[in-house]
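Hello,

Here is the structure I promised to pass on to you. Have a look at it first, and then read my notes below.

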Amino acid sequence: MIDINEYLNYKITKIYSGYSIDDLNNKYWKAENNKWRWMAFDLEHTFGVNGGDSCFENTLEKVSGINSNLPEWSTVLFRKLCENKAFRNELIQRAASFLNTVFSPDHVVSVIDSLHNIFAPEVARHIQKWRIDENDPFALPSVSVWNSNVEMMRQYARCRNQSLYQHFMQTFSITDTFKISIRVPDIDTGKIFINDVLLTEPSFSGVYFSDIPVRIRAVPAFGFDFAGWINVSTNDTLEFVLSMDTVLQPMFITSDENILPSHISVNTILTQAESPYFSVGDIVVDSNITLLMEPGSELLMSDLANIIVRGEFI
C-alpha cells in the first residue's frame with residue numbers, strides 16, 4: 001500500500017521542477033506497518049539546469065506517458081491513478097494550491113536567493129578543491145558559471161507557474177481558472193487549508209481551476225471555535241466547483257472553554273472539576289508564583305507550546 005497523499009505531493013514537486021526522467025532515481029521507503037512513501041532524490045536535473053525540462057515544457061504530459069520517450073513501466077502507476085476521478089481532481093487542485101503558496105514565483109526566488117547567499121562564500125574554495133580534471137564535464141568550472149546556473153533557476157521560477165496552469169488545462173481539458181480570495185482576521189485564531197495545503201498568510205488570493213471541485217477547510221486554534229464562513233456556510237469544510245471569482249472570510253470566536261492566560265501572575269490552581277484547560281501558546285509562570293494542578297486535571301496545549309516556569313509548577 002502507498003501513501004497517496006504523499007505520492008501526490010511528490011509527483012507535483014517533480015512536475016513543477018521539470019524532472020521528467022521518471023525511469024530514474026525513484027526512491028521510496030516505509031516504516032514497519034506503514035505505507036510506502038516517496039522521497040526527492042538526485043534533483044540536479046531540475047529548474048532547466050543539467051538537461052531538466054525548461055519552464056515551458058509540459059512535464060505533466062511526459063510523466064503521464066503522453067508525448068514521452070519514457071518506458072511504459074515508468075509511467076504506469078501515475079497514468080493508472082489519473083484514471084481515478086478522485087485522484088485526478090485532488091492532483092489538479094492541490095497543484096494549484098502549491099503554485100499559489102510554496103511554488104509561487106516570489107517564494108521560490110526568495111528561497112533560491114537565501115541559499116545563494118549561504119553558499120556563495122564557499123564556491124571558489126569548492127572549485128579549487130574539487131576541479132581536479134579540467135575535462136570533467138560535470139565539474140563546476142568557475143564562480144561565474146555557478147552564478148549563471150543560479151540565475152537560470154530564478155528565471156525558471158519566474159515563468160514556470162504560468163506554463164503549468166496551461167499544461168494542466170491542456171492535459172485535463174479544463175476550460176478556465178478563477179480566483180479565490182480568503183482573509184483571516186487573525187492567523188492566531190485558526191488555519192485555512194485548500195486541498196490540504198496550509199495558507200500561511202492572513203490575506204490570500206490564488207488562482208484555481210474551474211470544472212474541478214476545490215476543498216477549503218477551516219481549523220480553529222486552541223481556545224477558539226469556528227463560527228462559519230460569513231454569509232456562506234457554518235460547515236468548517238467547503239467543497240464546490242468554481243464558476244466565478246470567489247471571496248471567503250472565515251470567522252473564529254473565542255471558545256467557552258477554560259483558557260489560561262499567557263502569563264500566570266497570581267497563584268493559580270487547576271481543578272479537576274473545571275478541567276480541561278487550554279493554552280493558546282506559551283504559558284509563563286512568573287517568579288514567586290505557583291501554578292498547581294490537582295490530580296486528574298488536564299491542560300491541553302499545542303505541540304509547539306511550552307510552560308516556562310520562573311516560579312513554581314506543581
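**What I found**

Setting aside residues up to four places away in sequence, phenylalanine 168 touches Leu60, Leu91, Ile92, Ala95, Ser173, Ile174 and Phe209, where contact means heavy atoms within 4.5 Å. Please keep in mind that this is a predicted model, in which local features need pLDDT of at least 70 and side-chain atom pairs count only at pLDDT 80 or more, while totals for chains, interfaces and linings use all residues. Residues are numbered from 1 along each chain as its sequence is written, and side-chain values use heavy atoms, with hydrogens and water left out.

**Cores**

Phe168 also belongs to the largest nonpolar core, which has 58 residues; Phe78, Phe168 and Ile192 have the most contacts inside it. A nonpolar core here is a set of buried Ala, Val, Leu, Ile, Met, Phe, Trp, Tyr and Cys residues joined through side-chain atoms within 4.5 Å. Buried means under 20% relative accessible area, exposed means over 50%, and partly exposed lies in between (1.4 Å probe, protein chains only). Helix α6 gives the most to this core, with 9 residues. Helices (H or I, at least four residues) and strands (E, at least two) are DSSP runs, numbered from the N terminus. There is also a second, separate core of 9 residues, with Ile283, Val285, Leu291 and Leu299 among them. In soluble globular proteins, nonpolar side chains tend to be buried together.

**Pockets**

How much space lies in the largest pocket? The answer is about 1000 Å³. A pocket is an open set of points on a 1 Å grid over the protein atoms alone, where a 1.4 Å probe fits, with protein on both sides within 12 Å along at least five of seven lines; lining residues have an atom within 4 Å of a point. Grid points are joined across faces, edges and corners, and the volume is the space filled by probe spheres set on the points. The largest pocket is lined by 32 residues, and Val49, Asn50, Trp146, Asn149 and Met153 are the closest to its centre. Two or more lining residues come from each of α5 (105-130) and α6 (143-172), and α5 gives the most, with 12 residues. By class, this lining has 22 nonpolar, 6 polar and 4 charged residues. For these classes, Ala, Val, Leu, Ile, Met, Phe, Trp, Tyr, Cys and Pro count as nonpolar, Asp, Glu, Lys and Arg as charged, and the others, Gly among them, as polar.

The second largest pocket has a volume of about 520 Å³. Of its 23 lining residues, Ile187, Asp188, Gly190, Lys191 and Ala221 are the closest to the centre.

**Salt bridges**

The whole structure holds 15 salt bridges, each being a side-chain nitrogen of Lys or Arg within 4 Å of a carboxyl oxygen of Asp or Glu. In one of them, arginine 215 meets glutamate 90 (2.9 Å, N to O). This pair links distant parts of the chain, with arginine 215 in strand β7 and glutamate 90 in helix α4 (residues 85-100), 125 residues apart. Glutamate 90 is buried, with a relative accessible area of 11%. Arginine 79 pairs with glutamate 72, their closest N and O atoms being 3.8 Å apart; glutamate 72 counts as exposed because its relative accessibility is 60%. Arginine 158 and glutamate 151 form another salt bridge (3.5 Å, N to O). Salt bridges that share partners also join Glu90, Arg94, Asp196, Arg215 and Arg217 into one network.

Enjoy exploring!
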